[in-house]
Amino acid sequence: MTALDGRGIAEGTASDTFRILHVSTGNVCRSPITERLTRHALSDRLGARLCDGLLVESAGTWGHEGAPMEANAAAVLADFGADATGFIGRELLDEHVIRADLVLTATRDHRSQVISMGHSAGLRTFTLKEFTRLVRAIDPATLPDPIEDGVVARARALVRAAAALRGWLLAPSVEADEVYDPYGAPITFFRSIGDEINTALDPVVTAITGIPART
């Protein structure tokens, strides 16, 4: 039986797990949406294999420790059929960065803050949209087979390949790498941000799992 940590995330050792950390400011809007949409997409592609080494969590650089997800963020997740149950906000800590294999941030400023924490985070920290751009340029045939080699090995190779491409595939504009904060905005803006996040996540989840989204 798989052990769970305090946030309902399957525990594992460093060698057999791949931990994705989503980072925004308050950890009540963008990063919770991204965390739960990632889990939902992985579950949709992999089914019961979701717990086989892929762990997804989130935190905020000014995280509202112990706070629930914003109601509009939860509504956005419901639109996608994703589960908002049990979410608890967290402030980003050194330990979160240390154990993360991939850190995906909402903005360039968040990325800079994570990298400034040290822990050799530079090669595994990207904005979400930056990582999407890099992943699109990677030939999936060059990655380990998700069945024979496992999704953890494939995910690790994907991060290395993306890091190698970063200096060659620059953003067309600063705004291209940003997911703007919907905090305090009406539900319509939350839904537009949810659509942005979902669109950016799709090629990432496909690259990790080797399985495209259902049409």
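**Exercise 1. Find which residues Arg124 is in contact with, leaving aside its neighbours within four places in sequence.**

Solution. Contact here means heavy atoms within 4.5 Å.
- Step 1: with those neighbours set aside, the partners of Arg124 are Val97, Ile98, Ala100, Asp101, Leu102, Val103, His119 and Val159.
- Step 2: place Arg124 in the fold; this residue sits in the loop between helix H4 (108-116) and strand E4 (125-127). Helices (H or I, at least four residues) and strands (E, at least two) are DSSP runs, numbered from the N terminus.
- Step 3: check its charge. Arg124 is buried yet has no salt bridge, and Asp101, the nearest side chain of opposite charge, is 6.8 Å away. Buried stands for under 20% relative accessible area, exposed for over 50%, and partly exposed for what lies in between (1.4 Å probe, protein chains only). A salt bridge needs a side-chain nitrogen of Lys or Arg within 4 Å of a carboxyl oxygen of Asp or Glu; Lys and Arg count as positive, Asp and Glu as negative, while His and the chain ends are not counted.

A word on the model: it is predicted, with local features needing pLDDT of at least 70 and side-chain atom pairs pLDDT 80 or more, whereas totals for chains, interfaces and linings use all residues. Residues are numbered from 1 along each chain as its sequence is written, and side-chain values use heavy atoms, without hydrogens or water.

**Exercise 2. Work out the order of the strands in the open sheet.**

Solution. 
- Step 1: the four strands run in the order E2-E1-E3-E4, with parallel pairing. Two strands pair if DSSP finds at least two bridges between them.
- Step 2: find the edges. Strand E2 (54-60) and E4 each have a single partner strand, so one side of each lacks a neighbour in the sheet.
- Step 3: follow E4 to its partner. Strand E3 (residues 102-105) pairs with E4 in the parallel sense over three bridges, and Thr127 in E4 is the bridge partner of Thr105.
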